[in-house]
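Please keep the sequence and the model open while reading.

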Amino acid sequence: MAANYWASTQKLYWHFSKTELQEMRQELETGDSTVCQQYPLPDRRLLSIFFNQQLVKLGKRMNVRQQALATAQVYLRRFYVKVDVRDTNPYLILATALYLACKMEESPQYIRVVVNEARTIWPEFILSDVSRLGECEFYLISEMNSQLIVHHPYRTLQELQGRLSLGQDDVSLAWSIINDHYLTDLPLLVAPHVAAIAAIFLALTLKPNQGNLPGPASIAGAPSNVAQGRHGMPQPSASSVKKPHDRVEYFAKWLAEGEVDIQAVVDSTQELISLYDVWEQYSEKTCKEQISRFVRARGLEK
């Protein structure tokens, strides 16, 4: 089941419509409206940017692989669909999600190492007691119903590189856009291949040097060997890589003739552009202050 997205728990239990997500989140907020009014939070996308930056800080200290970071992002999004962020210590949840993701991606970290590194970054919010992270791990697993296998868009990108004659710059940019899609609800809304195709579309049509892609690539850039891929996919030769205009034209033709849900690709593209638009309003200081306020006031750091 893990090898087939369409039969996976991700598709069966963690794929929602926008309406379903909105209703679930609304139910969380109405459950304790007083707390929500007392401790307002920034736009969810801005909060996701903050969480991502904190995850990256922790991941870099432990040399965590890209896919484990991405899996941790998905765990965070799933968890906070079930639990209101104001009822948690987000820093402990971040550290726990990364610890669990490393296990699932077969690159485990010692729990003591995770706690020590997390305390170095967030000393006022993480206790030295490793049992707290262990307890939080069971909390995450329980809220996610032990459904921990995550399918990512990276494989689709690698598979389509040769088929669509993508250049290395196209792949690197698409890879970074896929990284950014974890800051939106797309991992809960669309299949991984749809997210990959939307990223390829943006990579082919919107270039940073044209000023059309305002958001930074968030988690990390594509690895230097991305052209070869994790499954030994060869890099297209210079002669097989089409010119930019030809690649866009070929991509449009391929998309029109395929069986991909074009509307889902369009919606995904709009979601990503919306993220880049709101990114200009991001303030790390504001996010940190709003989180610290409810964590300390409610004694969640203890």
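The buried residues of α14 pack against α2 (18–31), α4 (44–61), α10 (168–181), α11 (186–189) and α12 (192–205), where contact means heavy atoms within 4.5 Å. The model is predicted, so that local features need pLDDT of at least 70 and side-chain atom pairs count only at pLDDT 80 or more, while totals for chains, interfaces and linings use all residues. Residues are numbered from 1 along each chain as its sequence is written, and side-chain values use heavy atoms, with hydrogens and water left out.

**Helix α14**
- Helices are DSSP runs (H or I, at least four residues) numbered from the N terminus, and α14, spanning residues 262–279, has 18 residues and reaches 26 Å from its first C-alpha to its last.
- Its buried residues (under 20% relative accessible area, 1.4 Å probe, protein chains only) include Ala264, Val265, Leu272, Leu275 and Trp279, and also Glu271.
- At the start of α14, a side-chain oxygen of aspartate 261 comes to within 3.2 Å of the backbone nitrogen of glutamine 263.

**Second largest pocket**
- A pocket is an open set of points on a 1 Å grid over the protein atoms alone, with protein on both sides within 12 Å along at least five of seven lines, and lining residues have an atom within 4 Å of a point.
- The second largest pocket has a volume of about 390 Å³, taken as the space filled by probe spheres set on the points, which are joined across faces, edges and corners.
- Of the 20 residues lining the second largest pocket, Arg25, Arg44, Leu47, Tyr80 and Val85 are the closest to its centre.
- The largest share of this lining, 5 residues, comes from α5.
- The lining of the second largest pocket divides into 11 nonpolar, 2 polar and 7 charged residues, with Ala, Val, Leu, Ile, Met, Phe, Trp, Tyr, Cys and Pro counted as nonpolar, Asp, Glu, Lys and Arg as charged, and the others, Gly among them, as polar.

**Cavities**
- The structure holds 2 cavities of 30 Å³ or more, a cavity being a set of points where a 1.4 Å probe fits but cannot get out.
- The largest cavity holds about 90 Å³ of space, and of its 13 lining residues, Leu92, Ile126, Leu127, Asp129 and Arg132 lie nearest its centre.
- The second largest cavity has a volume of about 50 Å³, and its lining has 9 nonpolar, 3 polar and no charged residues.

Technical notes: Helix = DSSP H or I, 4+ residues; strand = E, 2+ residues; numbered from the N terminus. Expected span 1.5 Å × (residues − 1). Buried < 20%, exposed > 50% of the residue type's maximum accessible area, 1.4 Å probe, protein only. Polar contact = N/O pair within 3.5 Å; in protein donor to acceptor, adjacent residues only side chain to side chain.
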